[in-house]
Amino acid sequence: MKLKNVILPAVLLSAVLLLTNCGEKTSSTASASTTKDTTKKDTAKKGTLKKADTVAEAPVTYPPLDKKLYDSLMKRLANGDTTGKWPVKNAPYPLPGAILPFKRVVAFYGNLSAKKMGILGELPPDEMLAKLRGEVKHWEKADPQTPVQPALHYIAVVAAGFPGKDNMYINRMPEKKIDSAVRLAKRAHAILFLDIQVALSNIRAELPKLEKYWQMPNVHCGIDPEFSMHDGIHPGKKIGSYDAADVNYVSAYLANEVRKYNLPPKIFIVHRFTRKMLTNYQNIKLHPEIQFVMDMDGFGPPELKTGTYRDYVYHDPVQFTGFKLFYKNDSWLPPHHMLTPEEVLKMYKPHPIYIQYQ
């Protein structure tokens with residue numbers, strides 16, 4: 001598969017439709033307006049989180065890691081790979097309380113204030129959670145040996161089509177909006193990912209702004225290179241990028257939070273669908289406090305997704321892998337079909353342990 005076949009759909013779409021990841025996108029101006037309007041409405045309806053919901057809970061003692069079981073599950077995830085790439089060699093064992101690879105995470109992605117940024121905000125909460133439960137059951141049926149952990153993947157920092165007060169082309173969700181996602185995840189017995197699109201800002205400036213949420217044991221992190229812009233280029237004009245140094249900053253920051261607050265390991269997602277989105281991947285540092293997932297973020301027909309996973313996830317091993325499914329965009333072109341859990345498990349080495357629906 002030629003690189004242009006992977007890049008072109010996202011570039012063309014991003015050039016016209018801003019404010020979300022490389023899928024179900026909407027006009028940046030319209031999305032920003034919708035987000036602001038909905039934020040005002042939701043803020044009026046909902047109060048802030050109680051103190052017990054916004055700070056780390058009392059320390060929990062987790063049973064010691066079963067290294068033998070961990071090793072066997074990592075080998076099983078490799079899905080018969082014989083190249084030596086998978087499972088990744090010399091990766092540290094996680095601290096007790098790790099989710100991966102003991103469970104597969106199945107997440108719904110988007111923003112609760114925007115219907116066109118993903119399934120998370122497209123449906124009313126009750127209907128959305130019911131659909132998530134359906135996907136969880138489907139994955140459990142497809143792979144009965146791997147329990148499923150439901151998750152909400154909420155875009156907390158959104159690359160915008162307007163400059164904003166600081167000219168960073170970024171729309172930071174207010175705490176009351178993020179708090180509503182925390183409550184919803186708790187209600188659904190789900191973990192929560194907060195996703196960051198830095199636009200003209202940078203990850204070192206944006207990550208600490210969410211400090212109180214990183215203290216929570218059920219809150220994890222995602223960053224999106226597509227909207228990490230450089231040289232003043234506006235989001236959507238081209239595909240952005242992160243370097244391993246940026247990834248290592250996030251990992252070290254989160255690892256410190258885990259140690260400081262006696263938390264279980266944080267899952268850290270990095271989205272990727274081109275090579276240049278992540279430079280010097282081989283320099284990424286792993287930590288016992290962090291479980292790193294390279295998430296295949298491209299949309300399109302099965303053949304295109306297979307090539308993207310092979311070229312930018314399988315061939316660049318770090319630790320764990322993820323796979324993104326788009327309810328609409330994956331079906332635009334022939335054969336007009338979104339991959340099923342059974343097909344994903346059959347087709348891909350290694351098996352993705354993080355699944356995201358948009």
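What is the volume of the largest cavity? The largest cavity has a volume of about 70 Å³, in a model that is predicted.

## Basis of the model

Residue numbers start from 1 along each chain as its sequence is written, and side-chain values rest on heavy atoms, with hydrogens and water left out. In this predicted model, local features need pLDDT of at least 70 and side-chain atom pairs count only at pLDDT 80 or more, whereas totals for chains, interfaces and linings use all residues.

## Overall composition

The chain contains 12 helices and 11 strands. Helices (H or I, at least four residues) and strands (E, at least two) are DSSP runs, numbered from the N terminus. Of the 358 residues, 56% count as buried; buried means under 20% relative accessible area, exposed over 50%, and partly exposed in between, with a 1.4 Å probe and protein chains only.

Contact means heavy atoms within 4.5 Å. Among contacts between residues at least 6 apart in sequence, 78% join residues at least 24 apart.

## Cavities

The structure holds 2 cavities of 30 Å³ or more. On a 1 Å grid over the protein atoms alone, a cavity is a set of points where a 1.4 Å probe fits but cannot get out, and lining residues have an atom within 4 Å of a point. Grid points are joined across faces, edges and corners, and a volume is the space filled by probe spheres set on the points.

The lining of the largest cavity consists of Met74, Leu77, Ala78, Trp86, Pro87, Val88, Gln319, Phe320, Thr321, Pro350 and His351. The elements giving two or more residues to this lining are α4 (67-77) and β10 (320-325). By residue class, the lining comprises 8 nonpolar, 3 polar and no charged residues. In this scheme Ala, Val, Leu, Ile, Met, Phe, Trp, Tyr, Cys and Pro count as nonpolar, Asp, Glu, Lys and Arg as charged, and the others, Gly among them, as polar.

## Strand pairing

Two strands pair if DSSP finds at least two bridges between them. Strand β2 (residues 148-159) is mostly covered, with 12 of its 12 residues buried. β2 runs parallel to β1, to which 7 bridges join it, and Tyr109 stands opposite His153 in β2. β2 also runs parallel to strand β4 (residues 191-196), with 6 bridges; here Tyr154 has Leu194 in β4 as its bridge partner. With strand β3 (residues 170-172), β2 pairs in the antiparallel sense over 3 bridges, and the partner of Val158 in β3 is Asn171.

Strand β1 (residues 104-110) pairs in the parallel sense with β11 over 4 bridges, where Ala107 stands opposite Gln356. β10 and β11 likewise pair in the parallel sense over 4 bridges, and Gln356 is the bridge partner of Lys324. In a regular strand the side chains alternate between the two faces of the sheet. In β11 (residues 354-357), Tyr354 and Gln356 point one way and Ile355 and Tyr357 the other way, and all are buried.

β10, helix α12 (residues 341-347) and β11 make a right-handed β-α-β unit. A crossover is right-handed if, with the strands pointing away from the viewer, the path from the first strand over the helix to the second runs clockwise.

## Buried elements

Helix α11 (residues 302-314) is largely enclosed by the rest of the structure, because 10 of its 13 residues are buried. The buried residues include Lys305 and Asp311, together with Tyr309, Tyr312 and Tyr314.

Val106 belongs to strand β1 and counts as buried, at 0% relative accessibility. Leaving aside neighbours within four places in sequence, Val106 is in contact with residues including Leu132, Trp139, Ala151, Ile355 and Tyr357. Val106 and Ala151 are 45 residues apart in sequence and 5.9 Å apart in space, C-alpha to C-alpha.

## Backbone features

A cis peptide bond joins Leu100 and Pro101, with omega about 0°; Pro101 is in the loop between α4 and β1. The bond from Lys349 to Pro350 is also cis, with omega near -10°, and Pro350 is found in the loop between α12 and β11. Pro350 is also one of the residues lining the largest cavity.

Asn90, a residue other than glycine, has a positive phi near 65°. Asn90 is in the loop between α4 and β1 and is exposed, with a relative accessible area of 80%. His189 has a positive phi near 55°; this residue lies in the loop between α7 (175-187) and β4 and is exposed, with a relative accessible area of 66%.

Definitions and conventions
1 Å grid on protein atoms, 1.4 Å probe; cavity = no way out; pocket = protein on both sides within 12 Å on 5 of 7 lines; lining within 4 Å.
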